[in-house]
Amino acid sequence: MIKKYLSKKSKVLKIILGSSTLTIIAFGIVLIPLLMLLDFFGAEVTSDGYVEGNSYYAEEYQRVLNKYLTVKNPLGYVPLSRILYFSLEDETLSWDEIYVDNLDKDTKSLIPISEVCAENKYKDFDVCNQSEIEDSEQDNEEIMKPFTIPIDLSLSTITSYYGQERIVFGNADIHFAWDLASPSQTPVYSIGDGKVKTVSFNYSQPVTNINGGAGNYIEVEYEVNDKIYVAIYGHLYPNSSKVKVGDTVSSFQELAGVSTTGYSTGDHLHIALSQDGNRVDLFNYIDFTQTLEHNIFKPGYELPSLNR
């Protein structure tokens, strides 16, 4: 459980504690159900990393993601739940500060929560008590990172993160994938060594269809340490597929180009990942030390032009 220590909560409590008995009762009757409805007393983090009620934080989270990820040399990925774990105890900490503190600068990986809590800045926090850590759903060991970036992130803007609560075309949903807005026909790459399972290109023009799902899409299966991962690359440019069903692909191999087809509001790559049939947060599994430039020396690999 992530505990919310928001300034608005303190203000309400001051009003309640400074009021008469009748006022307190009135506050209880009117406000408690409302505050519970707004998830005022706590934000649950599910086992797959989804933070309930995260729309409240979406704008600030997208800001830091784009600051540290959509650059030539990404710093690494910190999930929203990790930032809130510390921010909601001490709101004087900036999200930038927390983001940087929770990443290993050499491996560009999330630091285990117990190691972060051992640092002087955080060690006296209530959430750094061992019992809190054990109940936190925070990663306390390094996660294997078998995948690479699906697109040149320096050409992209993160418009939707994994588990984001949002409204699209007037409908509320929870987006268990990533949306990376990029110029039309920006190359999309395989995130690993795998096999193409589906190539579905039903759209011959970049058009929106609110009933069109992922639009033009490619599905690739990856086997890593006896686990089966499936990635879906969606909203692809018409006739841009460079692979067919049954092809084997490798990391950084170009699959197709970015577009806006199907249930889409503009040119972007929609990418979702599952592990053994269960949705997972792709960015937790990306090795950000591997870049396009690192792979120009692979036999037969050519770095695509970035001047679009």
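Against which helices and strands do the buried residues of helix 3 pack?

## Helix 3 and its packing

In this predicted model, the buried residues of helix 3 pack against helix 4, helix 5 (95–101), strand 3 (157–160), strand 4 (164–168) and strand 6 (178–181). Helix 3 itself spans residues 58–68, and its buried positions are Ala 58, Tyr 61, Gln 62, Val 64, Leu 65, Asn 66 and Tyr 68.

## Pairing of strand 6

Strand 6, one of the elements that helix 3 packs against, is joined to strand 3 by three bridges, the two strands running antiparallel. Within this pairing, Ser 160 has Asp 179 of strand 6 as its bridge partner. Strand 6 also pairs in the antiparallel sense with strand 13 (residues 268–275), over four bridges, and here Leu 180 stands opposite Leu 269 of strand 13.

## Arg 82 in helix 4

Helix 4, which covers residues 80–87, contains Arg 82. This arginine is buried but forms no salt bridge, and the nearest side chain of opposite charge, that of Asp 139, lies 5.4 Å away. Leaving aside residues up to four places away in sequence, Arg 82 touches Ile 98, Asn 102, Leu 110, Ile 111, Pro 112, Ile 113, Val 116, Gln 138 and Asp 139.

## Confidence

The protein chain has a mean pLDDT of 85, with 81% of its residues reaching 70 or more. Over residues 3–19 the pLDDT stays under 50, and the model gives this stretch 26 contacts beyond four places in sequence. Residues 296–308 likewise have pLDDT below 50, with 17 contacts in the model beyond near neighbours in sequence.

Technical notes:
Residues numbered from 1 in each chain as written. Predicted model: local features only at pLDDT ≥ 70, side-chain atom pairs only at ≥ 80, totals over all residues. Heavy atoms only, no water. Buried < 20%, exposed > 50% of the residue type's maximum accessible area, 1.4 Å probe, protein only. Lys, Arg positive; Asp, Glu negative; His and termini not counted. Salt bridge = Lys/Arg side-chain N within 4 Å of Asp/Glu carboxyl O. Contact = heavy atoms within 4.5 Å. pLDDT = per-residue confidence, 0-100. Pairing = 2+ DSSP bridges.
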